[in-house]
Amino acid sequence: MTNQDTITLENYKDKMLSEIKHYPQEPMYYIYVHNNLCLYEMLVNDYPIEKRFEYSTSGTPFYINTAILKSGKQKLTFRMYPAPKEYNEGSDVLDQYASLEFKIYVNNNATGLKMANEKKVLEGAAKQINYEDSSQKYFEGKGKKYYEFTVEFDAQVPYSLESWTAGEDLRKFDQKKLEEKALSIYDYYRDNVSGDKITNIVGIHYTKNIRDMITEYETRDKVNSIYNSLIKISETKKEWQNFGHKIVFNGDGRILTLEQSNDSDDRLRGRSALFYLYNDEDNVKMSYDIYLPLYIPKGGTIDDLQVLR
């Protein structure tokens with residue numbers, strides 16, 4: 001395992017490529033989701049995969065290998081919230097016709113994710129129940145502001161990682177001191193992610209990306225792309241947005257992130273505390289989040305809080 005302190009701009013790509021392994025079978029797991037009259041969060045093993053707080057549905061799959069650390073039973077969790085009032089007859093609770101359906105597939109990345117090799121692992125939906133004395137069904141969570149359900153599925157992968165499972169339960173620490181330490185890490189990243197200062201956080205950038213690279217069996221082209229994105233971010237003129245922050249725990253309490261604290265504005269809800277605006281090549285105003293999950297290795301203290309690998 002590479003120590004982030006040894007990572008430089010010069011060796012970044014070679015170090016990353018040395019950690020990525022390839023296999024005859026490279027199982028890639030992904031999920032299709034169809035939602036109606038609801039917003040949702042999707043987590044695998046309590047690791048956030050998607051936060052859909054704008055009312056829309058996706059026709060493309062969500063790849064989930066980054067949350068699958070080893071073979072065996074995995075947990076898939078959905079947290080459902082009411083659709084915006086303009087789509088929900090003015091209501092702020094889940095409608096009786098709200099629904100969420102999902103399908104999990106696995107494919108072999110080693111053969112290029114060909115459709116012919118796609119296999120369905122599991123499909124399911126939020127629970128529907130019958131009206132009394134009727135065969136008509138409605139959503140079990142109707143009338144609620146929040147509904148959650150979890151299912152299990154089996155996954156087989158050729159790698160085995162510890163990541164957050166080898167971390168401390170952060171909910172057991174002094175929360176004020178923990179927040180102060182987390183904020184100092186976020187501030188350090190923000191203050192060093194521009195210009196020549198980028199060399200100060202290149203190891204952090206490597207650490208927060210390496211699990212994705214390993215679990216998705218990435219190529220040299222992808223590694224080059226990740227590296228180039230770091231350089232591009234360092235050259236981008238940023239307008240940092242600060243609307244207050246809050247602590248969010250995932251990974252059964254072993255992962256901490258700082259997010260925007262304004263949940264009433266769907267433009268900010270679920271977004272990272274490291275969030276900025278910039279102008280793209282066509283001078284169109286765009287936004288960008290830097291997701292920075294933190295953890296404390298087993299046996300550590302608040303002083304050991306660091307970016308999750």
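Reader: Which helices do the buried residues of H1 pack against?

Author: They pack against H3 and H4. Packing here is contact, meaning heavy atoms within 4.5 Å, and buried means under 20% relative accessible area, exposed over 50%, with partly exposed in between (1.4 Å probe, protein chains only). One caution: this is a predicted model, where local features need pLDDT of at least 70 and side-chain atom pairs count only at pLDDT 80 or more, while totals for chains, interfaces and linings use all residues. Residues are numbered from 1 along each chain as its sequence is written, and side-chain values use heavy atoms, leaving out hydrogens and water.

Reader: Which residues of H1 are buried?

Author: Helices are DSSP runs (H or I, at least four residues) and strands are too (E, at least two), numbered from the N terminus. In H1, residues 12-19, the buried ones are Tyr12, Met16 and Glu19. They fall within an arc of 60° seen down the axis, so they line one face of the helix. That arc is taken from the directions from the helix axis to the C-beta atoms.

Reader: And which residues are buried in H2?

Author: Leu178, Ala182, Ile185, Tyr186 and Tyr189. Their arc around the axis is only 95°, which puts them on the same side of H2. The face turned away from that buried side carries Lys176 and Lys177, both exposed.

Reader: What do the buried residues of H2 pack against?

Author: Look for H3 plus strands S12 (245-250), S13 (255-260), S16 (294-295) and S17 (306-307).

Reader: Which residues of H3 meet H4?

Author: Val202, His205, Asn209 and Met213 in H3 meet Lys222, Ile226, Ser229 and Leu230 in H4.
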